[in-house]
Amino acid sequence: MKSAKSLNGKLTIVDIPIPEVTDQSVLVKTDYSAMSTGTELMVLGWAQSDVFLGYSATGIVQSVGKDVTHVKAGQRVACYGVPTHGEYFLGYKHHVTPVPDHVDPQEAAFAGIASIGVQALRQADLRFGETVVVLGLGILGQLIAQLARAAAFRVIAVDHMEERCDLMDSTGLLKACRNGDEVKEQLLQLTGGKGADAVLICASSKTHRLVDQGIEWIRDKGKVVIVGDTNTEFDRNALFAKEAQITISRAGGAGRYDQEYEKEGKDYPYGYIRWTMGRNLEEFVRLLADGRLNIKPLITGVYSLETMETGYRQAKEAPRETMGLMVKF
């Protein structure tokens with residue numbers, strides 16, 4: 001099978017054996033794999049890299065291990081795990097979830113990336129009726145804003161790039177703010193000027209102190225959640241004045257990076273850890289199936305394995321015009 005990897009900082013397509021199914025795993029024939037350009041361009045920048053690429057996809061189950069009962073051969077699944085930029089994906093049971101027939105496969109391919117968004121909202125610990133600002137409308141920010149709206153939170157989405165705001169507007173679900181003044185106006189209307197309950201920083205910037213911006217927009221005792229790769233310096237006095245919290249969101253939920261959960265299939269007790277990586281994955285697919293999300297307008301490029309380097313170049317050279325990219329097999 002062919003698969004994409006970063007080899008010494010260069011995109012390389014390699015031929016490797018099709019993985020063998022174990023008791024706890026599922027073999028999927030990939031048909032669409034979403035490109036997480038931020039993470040993947042970072043990996044491609046590592047001079048000593050030897051890393052397979054992709055972690056978000058959809059495809060058809062070919063075979064399942066004896067301990068896997070929630071999916072079966074011939075069924076479409078959404079996948080979260082490394083690597084998905086390959087003709088086949090070997091995932092363990094918590095890495096895949098069934099996708100109903102009426103769901104668009106291209107939208108389902110964003111399940112892994114969207115699971116990271118679901119976990120970010122969990123870290124914000126919002127309640128029904130509360131207000132969240134999503135700062136940065138790259139593909140992850142766009143997905144988080146839609147997920148927050150689907151959860152009935154009051155959502156303010158903002159980016160300085162007009163093109164990204166236009167894409168948000170084109171979904172018909174939310175209207176994006178173009179600058180801080182528009183955010184302040186929305187906060188005045190939605191909260192009476194008290195501030196957002198949480199700000200999720202999805203932008204990646206090492207030069208701007210976006211945490212300070214988040215502190216400014218939150219209410220007294222509000223929360224800033226860092227999702228993107230951003231500068232983490234902040235004004236201690238501003239944080240103190242609101243007795244605010246700053247936290248960071250890691251990957252797609254509880255269980256990610258836990259060997260026993262991921263590879264041995266051991267689940268966490270439902271009553272103690274309600275939302276795991278696998279359950280977050282399921283929840284994204286449920287929202288898709290219920291028609292609560294609209295991802296199709298965000299897809300700005302579809303490539304083959306052989307042409308995907310063009311997609312990376314597009315993301316690097318024209319970020320304003322680039323949003324959801326994917327590989328078709």
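Which residues in α1 meet which residues in α11? The views below come from a predicted model.

**View 1. Helix α1 packs against helix α11.** T37, E40, L41 and L44 in α1 meet Y312, A315 and K316 in α11. By class, this contact has four nonpolar, one polar and two charged residues. Helix α1 spans residues 37-44, and helix α11 spans residues 308-317. Their axes lie 11 Å apart, at an angle of about 100 degrees. Angles of 65 to 115 degrees count as roughly perpendicular, so α1 and α11 are roughly perpendicular to each other.

**View 2. Y261 and Y268 form a stacked aromatic pair.** The structure holds two aromatic pairs. In the pair of Y261 and Y268, the ring centres are 5.3 Å apart, with 25 degrees between the planes. Both Y261 and Y268 are buried.

**View 3. R122 and R274 each lie over the ring of W275.** R122 is at 3.7 Å from the ring centre. The charged end of R274 sits 4.1 Å from the centre of the W275 ring.

**View 4. The peptide bond from V82 to P83 is cis.** Its omega is near -5 degrees. P83 belongs to the loop between β6 (76-80) and β7 (88-92).

**View 5. D125 has a positive phi although it is not a glycine.** The value is about 55 degrees. D125 is in the loop between α3 (111-124) and β9 (131-135). Its relative accessibility is 43%, so D125 counts as partly exposed.

**View 6. A152, not a glycine, also has a positive phi.** Here phi is about 70 degrees. A152 sits in the loop between α4 (139-150) and β10 (154-158). A152 counts as partly exposed because its relative accessibility is 38%.

Note on methods:
Residues numbered from 1 in each chain as written. Predicted model: local features only at pLDDT ≥ 70, side-chain atom pairs only at ≥ 80, totals over all residues. Heavy atoms only, no water. Axes fitted to C-alpha atoms, helices over the stretch in contact; angles between N-to-C directions. Helix = DSSP H or I, 4+ residues; strand = E, 2+ residues; numbered from the N terminus. Parallel < 35°, antiparallel > 145°, perpendicular 65-115°, else oblique. Contact = heavy atoms within 4.5 Å. Nonpolar A, V, L, I, M, F, W, Y, C, P; charged D, E, K, R; others polar. Phe/Tyr/Trp six-rings, centres within 6.5 Å; stacked < 30°, edge-to-face > 60°. Buried < 20%, exposed > 50% of the residue type's maximum accessible area, 1.4 Å probe, protein only. Lys NZ or Arg CZ within 6 Å of the ring centre and 35° of its normal.
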